[in-house]
Amino acid sequence: MHPHFRTIIEPFRIKTVEPIQFTTWEQRADIIEAAGYNLFLVRAENVLIDLLTDSGTGAMSSFQWAGMMQGDESYAGARSFYKFEAAAQRITGFKHIIPTHQGRAAERILFGNVCKPGYVVPNNTHFDTTRANVECQGAQALDLPCAEAHQPALIAPFKGNMDVDALTHTLQTVPRDQVPVVMLTVTNNSGGGQPVSMANIRAVSQVCHAHGVPFFLDACRFAENAFFIKQREPGYADKTALEIAQEMFSYADGCTMSAKKDGMANIGGFLALHDDDLAQRCKNTLILTEGFPTYGGLAGYDLEAIAVGLEEVLHEDYLRYRLRSIAYLGEKLDAAGVPFMKPTGGHALYLDAAAMLPHIPASHYPAQALAVALYQEGGIRSVEIGSVMFGRVHADGSEEPAALELVRLAFPRRVYTQSHVDYVAEVVTYVARLKDNLRGYRISWQPPQLRHFSAQFEPLR
Ligand SMILES: *Cc1c(COP(=O)(O)O)cnc(C)c1O
């Protein structure tokens, strides 16, 4: 970068365009009503800016598409597998790289091989599929986030850290053979996309190894985490993102990875580890459920796309632009007085619906009301992360609300430009001004589990 120019630009130009669909306010009113006010049930073509998730929604580069043409679709020993393996090993240093169709398949295989009923798996904060895969083995998924993680308005550099004292206490009290693995999620997705410091990774690793417990990273956003370390942690400003990522992995015994995030691909993942015996057992499970160990449920061309993606995600122009897009939206919303979790995370901004809509009680789902309003007013799709997703329904039908009422605006990688972000800021600010007119919702139908995907809502008047 030239030292005099401070504008951070998109580090790419556009070769292929995908038109997005404009709808009128009246059309969106009909669409959202027909969807039962559930944004998961709206067709993507009726969304103008889709910030539902950053998972598998990114744009691939011309190099990735070119790589896909070279996909080797051989069942065993495909050339594409060795490219993929080399790309993952260069960053992680792990001996065994086991491809899977996405991150949760890696979790399923790992926990299926190490967990038993009654076991405990500590994590800074489990992602929902990680928790579900631990619990489905009958084990306990224990979240040990640092104290700062509980304060949405507090600005701190590494709010994704694990509480090391709480981990030490856990490892001193739970028998050694009942803690099969400790995990650290980088960045901490469920905790707001907040990074984990190198000091914390090192400290967690030391505590684990002092107690003889393997330490794994949930590495879905390892590159975003590495760049936050470069920007915020003393001693790392002059290291490359690759060197920082390599150091992060050097403290761990293995990792699970969703290539739909920092793999820059539309599908894929892997499990990686040093331990020969555990790797053999995991490969046996892989053959049962995913496929032969040199393709693991993926096409050869997917392995090519991931191999190139893992290299591109560590380009610092890309990471600077990536983190800046979210921070830029945060600056605009801050200036407009819109409440959100601070500081902004690596992949998403989380609006604080409880602070914005104090007149809507948790039992009327304020974050759902906000998410629907963003779609109704501006055609923006976000996701409710509040009492619809995490409220606990008791046997008598009563509900315990979630701790926070958030709306997540997650950014697909390399998809939207600065004017799209300006538009998002304008819509959110407009809705924040309308807030006194917003009303809550009631759930008119819900399934027994994971209700946020399919529940039907009715507006309260
Ligand atoms: C997305 C994600 C997963 C699961 O990966 P999938 O590819 O969606 O199965 C696991 N952990 C974290 C932190 C994630 O963000």
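About 2,300 Å² of area is buried between domain 1 and domain 2, with carbon and sulfur atoms giving 55% of that. Buried area here is the accessible area (1.4 Å probe) that two parts lose on being put together, summed over both. Keep in mind that this is a predicted model: local features need pLDDT of at least 70, side-chain atom pairs count only at pLDDT 80 or more, and totals for chains, interfaces and linings use all residues. Residues are numbered from 1 along each chain as its sequence is written, and side-chain values use heavy atoms, with hydrogens and water left out.

**The two domains**

- Domain 1 covers 25-54 + 315-459, while domain 2 covers 62-312; the bounds come from an automatic or database domain assignment.
- The contact between them (heavy atoms within 4.5 Å) takes 22 residues from domain 1 and 30 residues from domain 2.
- Taken over C-alpha atoms, the centres of domain 1 and domain 2 are 27 Å apart.

**Around the ligand**

- There are 15 residues around the ligand, and Arg104, Asp218, Arg221, Ser258 and Lys261 come nearest; a residue counts as near if one of its heavy atoms lies within 4 Å.
- By class, this shell has two nonpolar, seven polar and six charged residues. Ala, Val, Leu, Ile, Met, Phe, Trp, Tyr, Cys and Pro count as nonpolar, Asp, Glu, Lys and Arg as charged, and the others, Gly among them, as polar.
- α4 (103-114) and α5 (128-135) each supply at least two residues of the shell, and α4 has the largest share, with three residues. Helices (H or I, at least four residues) and strands (E, at least two) are DSSP runs, numbered from the N terminus.
- An N or O atom in the side chain of Ser258 sits 2.7 Å from an oxygen atom of the ligand.
- Gln102 brings a polar side-chain atom to 3.0 Å from a ligand oxygen atom, and Gly103 has a backbone N or O atom 2.9 Å from one.
- The protein covers 98% of the 380 Å² of accessible area that the ligand has on its own, using the Shrake-Rupley method with a 1.4 Å probe.

- Most residues other than glycine have a negative phi, and most peptide bonds are trans.
- Val186 and Thr187 are joined by a cis peptide bond, with omega about -20°; Thr187 is in the loop between β5 (182-185) and α7 (198-210).
- Lys342 and Pro343 are also joined by a cis peptide bond, with omega about -15°; Pro343 is in the loop between α12 (316-335) and β9 (348-352).
- Met264 isn't a glycine, yet has a positive phi of about 60°; look for Met264 in the loop between β7 (254-258) and β8 (269-273).

Terms used:
Polar contact = N/O pair within 3.5 Å; in protein donor to acceptor, adjacent residues only side chain to side chain.
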